[in-house]
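Let's take a walk through this structure together. Have a look at the sequence and the fold, and then we'll go through the parts.

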Amino acid sequence: MELSFSHTNEEVDKLIDRLITATGGVTHPHLVRELVISSLKIGQETTYLPDLKLINRTLREMRYTTRVFSPYRDRKKVTVFGSARTRPEEPIYQTCIRFSRLLAEHNWMIITGGGPGIMQAGNEGAGSENSFAVNIKLPFEQSANPVMQNTPRLVTYKYFFNRKVAFVKESDAVAVFPGGFGTLDEAMEVFTLVQTGKTSPKPLVLVDDGDGFWEQFFEFVKEQLLAKGLISGEDFSIFTITKSETEAAAVIEGFYKNYHSIRFHDDLIVVRLTKELQPEQLDLLEQEFPELILPGGRIVSCEPLLVEDDEPELALLPRINFPFNHFHYGLLIAFINRINTF
């Protein structure tokens, strides 16, 4: 029998409905039904055992990730990337401790890879009660650090791609300290996701050391990528470089001074705020950021859209919307930073 996601599977549909009812407590049963059908279709279509194992392990890891993070949805989180080889006596290690402590004191939680080095510094500064560790199984160099070994907020992954999803999906900001290939890979992933609009806008802070690790990266980006037209000037809005843990924390907190969150609906972008903007401020935004707005569009205050009914807790927030061109995501970060000045 060839299964379909529409309700044309006859007896199979009835069995799935009975299974969901018998299980009890299933939320959004229409989506759970599709998950069950997807699993059955995979079983029909896939004969290669390693593929089935990968899909199974991926779903199990993502389910557990959701279970661990769900109780903390109301607290903002910053993901901290950096080298596993950074030693506690190094100044940048101590900078990371102070940075994480600052944010934890303002009710932020810290997400790290759960290993040694900068990861341990992040967890140490925030304390285990304010930390998550999304660890990875490696043959060397990576086991859960002492701060996070006995916490329920430790998740261990087999696959890097699941871990990367958790790092970005669960965070409201990202701080990157100097590191090796893994750190650069994680940083470039966030650059790409923000630049292409594949993750919600969020502050990305590159915390530099005394040797100018990120300053040299900036020169490379400017002299090679920008000069050769491989990126645009607006992409420099995506990140901030600083040597100060105080400034790094201020950049992250300041990003949410007035900006709250964002929602897309086709070509319409809805920006949720913590305080209402005045008409003259909307006019100023239109004058300063015309590239963001499709021809003939305006930036207007608005009520929640129907598609936002699944987020009733945000219904009372003031918001603006405008037809967005889905191209200038770097400029969108600058737009949000401008909103935060009002």
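The chain splits into domain 1 (10-70), domain 2 (73-255) and domain 3 (259-340), with bounds that come from an automatic or database domain assignment. Keep in mind that this is a predicted model, where local features need pLDDT of at least 70, side-chain atom pairs count only at pLDDT 80 or more, and totals for chains, interfaces and linings use all residues. Residues are numbered from 1 along each chain as its sequence is written, and side-chain values use heavy atoms, with hydrogens and water left out.

Start with domains 1 and 2. Their centres, taken over C-alpha atoms, are 32 Å apart. Twelve residues from domain 1 and 19 residues from domain 2 take part in the contact (heavy atoms within 4.5 Å). About 1,300 Å² is buried between these two domains, and carbon and sulfur atoms give 61% of that; buried area here is the accessible area (1.4 Å probe) that two parts lose on being put together, summed over both. On the domain 1 side, Arg57, Glu61 and Phe69 supply 47% of the area buried against domain 2, more than any other three residues.

Now find Asn162, which sits in helix α6 (helices are DSSP runs of H or I with at least four residues, strands are runs of E with at least two, numbered from the N terminus). Asn162 counts as buried because its relative accessibility is 2%, and buried means under 20% relative accessible area with a 1.4 Å probe, protein chains only. Setting aside neighbours within four places in sequence, Asn162 touches Arg57, Thr58, Glu61, Met62 and Tyr157.

Next comes helix α5 (residues 118-126). Eight of its nine residues are buried, so the helix is largely enclosed by the rest of the structure. What covers them includes β1 (77-81), α4 (91-105), β2 (109-112), β3 (131-136) and α6 (160-169). Just after α5, Gly127 takes a positive phi of about 85°.

The structure holds one cavity of 30 Å³ or more, meaning a set of points on a 1 Å grid over the protein atoms alone where a 1.4 Å probe fits but cannot get out, with lining residues having an atom within 4 Å of a point. Domain 2 and domain 3 both give residues to the lining of the largest cavity, so it lies between them. Helix α11 (residues 329-339) gives the most to that lining, with three residues.

Note on methods: On a 1 Å grid over the protein atoms alone, a cavity is a set of points where a 1.4 Å probe fits but cannot get out, and a pocket is an open set with protein on both sides within 12 Å along at least five of seven lines; lining residues have an atom within 4 Å of a point. Grid points are joined across faces, edges and corners, and a volume is the space filled by probe spheres set on the points. Buried means under 20% relative accessible area, exposed over 50%, partly exposed in between (1.4 Å probe, protein chains only).
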